[in-house]
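Hello,

Here is the structure I promised to pass on to you. Have a look at it first, and then read on for my notes.

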Amino acid sequence: MESRIPQHSRPSERSPLFSRAAAGLALVMVGVVALSLPVQSAYATGTAVDLGTSASYSVLGGQSVTNTGSSVLAGDLGVSPGTSITGFPPGTVLGDTHTTDAHASQAQSDLGIAYNSAASQASDASISDDLGGSTLLAGVYTASSSIGVTGTLTLDAEGDPDAVFIFQIGSTLTTAPGSSIVLGGTVRASNVFFVVGSSATLDTTTAFQGQILALSSITLNNSATISCGAAWARNGAVTLNTNTIGIC
């Protein structure tokens, strides 16, 4: 059964979980004149992250990128400061490949700036454990430790095409086999960011959307896909196995 993450103990208009209905219209009656107070936005304070040159990469590794099988990357592939990219072919890169060159170095620098920008944004709500079966509104969500997704996590922009979702995850991000991230209505995957304090693992046949910015490593198991998004590891490896990653 689908559920929504509980609200703050003291909800406010700033909270991503604040109900539009709760905002309402306040009416002040003066004689026969009714004065309506404006409804405050339900959206939270998260702002889109400037990705710089890293935005062109489907996969960017810190130490290495390893592929098994017929993975397809719609964007660029790169590694820096490490020097190892293996498995292409049989993997296919539709963009450019950058191995420890100036472009990959700049992309890693820009990734670091983007990571810090997303990680430092003020939190709107705390999350924990497994997010499967939940629907979340726009905002900045913070987990002190690991987060899992078993089943479907739905993101709902409530009609705002500029809504931003940032997940600040203290430790690991792990999806179960066959799990999915579903973007409702006007949500754009380019405005969805998973900032991971250590490593991320997408298990087999996961259907993921959004950018993964991991401090350490990222692993995509057999047939996991990122239909619109990217896998970027700052310090460690990105490991692929017959995956498809489409760039937003």
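Predicted model: local features only at pLDDT ≥ 70, side-chain atom pairs only at ≥ 80, totals over all residues.

The largest nonpolar core has 46 residues. Leu155, Phe167 and Ile218 are the residues with the most contacts inside that core. Its largest share, four residues, is supplied by strand 24 (residues 225-233).

Next, the strands. Strand 16 (residues 152-156) runs parallel to strand 13 (residues 134-137), and three bridges join the two. Here Leu137 is found opposite Asp156 of strand 16. Strand 16 is also joined to strand 19 (residues 180-184) by five bridges, again in a parallel arrangement. Within that pairing, Thr154 has Val182 of strand 19 as its bridge partner.

Searching the whole structure turned up one salt bridge. Asp162 and Arg188 form this salt bridge, with their closest N and O atoms 3.1 Å apart. The two residues are 26 apart in the chain: Asp162 sits in the loop between strand 16 and strand 17 (165-169), and Arg188 in the loop between strand 19 and strand 20 (192-196). Arg188 counts as partly exposed because its relative accessible area, 39%, falls between the 20% and 50% cut-offs.

Helix 2 is worth a look too. This helix covers residues 102-119, and its 18 residues should span 26 Å at 1.5 Å a residue; the end C-alpha atoms are 26 Å apart, so the two values agree. Asp101 caps the N-terminal end of helix 2, with a side-chain oxygen 3.3 Å from the backbone nitrogen of His103. The buried residues of helix 2 include Ala104, Asp110, Leu111 and Tyr115.

Finally, Thr175, which lies in strand 18 (residues 173-175). With a relative accessible area of 3%, Thr175 is under the 20% cut-off and therefore buried. Its side chain reaches the backbone nitrogen of Asp203 at 3.0 Å. Not counting residues up to four places away in sequence, Thr175 also touches Val149, Thr201, Leu202, Thr206 and Phe208, among others. Leu220 is 45 residues from Thr175 in sequence, with 9.9 Å between their C-alpha atoms.

Best wishes

Methods:
Residues numbered from 1 in each chain as written. Heavy atoms only, no water. Core = buried A, V, L, I, M, F, W, Y, C linked by side-chain atoms within 4.5 Å. Buried < 20%, exposed > 50% of the residue type's maximum accessible area, 1.4 Å probe, protein only. Pairing = 2+ DSSP bridges. Salt bridge = Lys/Arg side-chain N within 4 Å of Asp/Glu carboxyl O. Expected span 1.5 Å × (residues − 1). Polar contact = N/O pair within 3.5 Å; in protein donor to acceptor, adjacent residues only side chain to side chain. Contact = heavy atoms within 4.5 Å.
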